[in-house]
Amino acid sequence: MADLMELNYVVSNEDFTRAGEASSDVKKKLKQLGVSPEAIRKVAIALYEGEINMIIHAYGGKIKVTISEDAITLILADKGPGIADVEKAMQAGYSTAPDKVRSLGFGAGMGLPNMKKNSDRMDIQTELGVGTTVTMVINL
Amino acid sequence: MDHYGNSVYLIENLCKGCTNCINRCPTQAIRVRNNKAVITPGRCVDCGECIRICPHHAKKAKRDFIDATDKYKYTVALPAPSLCAQFNNLEDINILLSAIKSIGFDDVFEVSAAAEIVSEESRKYIASHKEQWPLISTACPTVVRLVQVRFPNLCDNLLPLITPAELAGELARKQAVEKTGLKPEEIGIFFLSPCASKVTSVKNPIGMEKSNIDEVLAIKDIYPILLAELPKFVEQPEDLSRSGKIGLSWGITGGEVGGLLSDACVAADGIENVIHVLEDLEDDKFSQNLEFIELNACNGGCVGGVMNVENPFAAKAKMQHLRKYLPVAAARSDKYGEYNVNWTSEVEYQPVFELADNLKESMEKMNRIEELTKELPGLDCGCCGAPTCKAHAEDIVKGIARKQDCIHVLREYIHKLSEDIAELSEGI
């Protein structure tokens, strides 16, 4: 199925007050498109977690959302430090977030697990010192 | 789609076609067309913001008036908790209740008494429905309508209990029937309301087929009449009050939460803050242990209602003074026999913002909206009649506005046209 719509966002570096801007805009658009509430909920949560991750660990990054008639694909790409142990990072409660971030109430180690929980398919491509690209697919 | 009528309406000859209301509306429900503000049916949530902001007083709220008492054989007034906070130096609620009776009612039944029962029922419901946490308060009809049109994922979190005013109506009618032997329809139940949205919720009930209230009067309409009556009852008021701290406090933000006797609650007020909380809740940003969220569309809670008289913050101080020596709660459910406090009909998502019936068509429209938005100046000046350039682009795609309605686009167009004419005339 050809992609019918593409949305692009830039997540800025370490600005927590702006975290959630992309997910908020995507959410609003999906409601206008008439996407099912359940799919909207998954996209909103997965994307927000992703945005926070990018700010905490990767000094920001880029988000591409493509919408087709049967799925929504979220691609979050950053040029951050990469994930050393993906398997560990996927465990609930495991966190490498710095204290500064934890003191703000983030970094509970639920980011990636929550993203996986709310997507039908998730793929992580990561290389130390180069960056990480997380792709999530939510079926419609 | 299930459209409900609104209480907010326009007095056309007063409207100057300015941009104040279109910018303030939280659901972008208003457009200026032919120099008059037009409310889009279905989108309006009766928050009253446009009534507050309009410098020309061209927005009003529909409501009933006190002469409606003539229609009934027996009448009961239901004063909202916030009514008690409208007067200076009121030391005893019984003075106010006696004055209300004297202006044309056979009896009074405080909404705050019913509120204490709703608090009790809410505690039970919350404790036994952990899967719905956090439950969202449904006492403010504007909040419920807002969730219905903008937050499809939160409809299941709405507390499915009727409002204190509705329960007061139910109990008051039952008591009146028992006392007088009249038929239920011969009794007139009059709610003395702080806001427009509660008028709407009586005409178009939430979670129930038919409202328990017959007429809704605005506090600001009866305020001057009450003011004249109050001094007569200062010395010897009738003992009519049946509510305590918990019930009265429902009139201010935090009052409903206070009645839940739990710390795992959040309370917010003001329409923008309410939207912010709902957005965050939709993104799962709150703690998993949060039990309840109280939301009031008006600043300060119901004391901030657009049909109240007193400044909301002054009213809050009066409320705090008034409740000081009251018992924690005076009304208990076992005093009132049988009643129904549960919703009996579904409250569902109303997708008023959808662009088309199917995804493909919606996406085509949205792509065009995005393109058009880039071509507009991005000033959000409102001169075209829509609140933002984006909203204007949506209107163009929907076929209800033209690109040249934007004065900046029009100016460029005319500029180019005059250049073309000049060029042409040079060639003659």
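**Second largest pocket.** I sorted the lining of the second largest pocket by residue type and got seven nonpolar, seven polar and 10 charged residues, counting Ala, Val, Leu, Ile, Met, Phe, Trp, Tyr, Cys and Pro as nonpolar, Asp, Glu, Lys and Arg as charged, and the others, Gly among them, as polar. I note that this is a predicted model, in which local features need pLDDT of at least 70 and side-chain atom pairs count only at pLDDT 80 or more, while totals for chains, interfaces and linings use all residues. Residues are numbered from 1 along each chain as its sequence is written, chains are lettered from A and ligands numbered from 1 in the order in which they are written, and side-chain values use heavy atoms, with hydrogens and water left out.

I read the volume of this second largest pocket as about 660 Å³. The search ran on a 1 Å grid over the protein atoms alone, where a pocket is an open set of points with protein on both sides within 12 Å along at least five of seven lines, a cavity is a set where a 1.4 Å probe fits but cannot get out, and lining residues have an atom within 4 Å of a point. Points are joined across faces, edges and corners, and a volume is the space filled by probe spheres set on them.

**Domains of chain B.** I have chain B divided into domain 1 (66-335) and domain 2 (355-428), with bounds from an automatic or database domain assignment. Their C-alpha centres lie 46 Å apart, and the lining of the second largest pocket draws at least three residues from each of them.

**Sheet of chain A.** I traced an open sheet of five strands in chain A, in the order E1-E2-E3-E5-E4 with antiparallel pairing, where two strands pair if DSSP finds at least two bridges between them. Strands E1 (5-11) and E4 (121-127) of chain A stand at the edges with a single partner strand each, so one side of each is left without a neighbour in the sheet. The twist averages 10° from one strand to the next. Helix H1 (residues 21-33) of chain A packs on the sheet and touches E1, E2 and E3 of chain A, its direction making about 160° with that of E1(A); contact means heavy atoms within 4.5 Å, and axes are lines fitted to C-alpha atoms, for helices over the stretch in contact, with angles from 0 to 180 degrees between N-to-C directions.

I also followed E4(A) and E5(A) (residues 131-139), which pair over seven bridges and form a hairpin with three residues between them, where Gly129(A) in the turn has a positive phi of about 80°. Asp123(A) has Thr135(A) as its bridge partner in E5(A).

Of its 19 lining residues, the closest to the centre are Ala139(B), Pro164(B), Lys198(B), Trp250(B) and Cys302(B). The lining of the largest cavity divides into 12 nonpolar, four polar and three charged residues.

How values were computed
Helix = DSSP H or I, 4+ residues; strand = E, 2+ residues; numbered from the N terminus.
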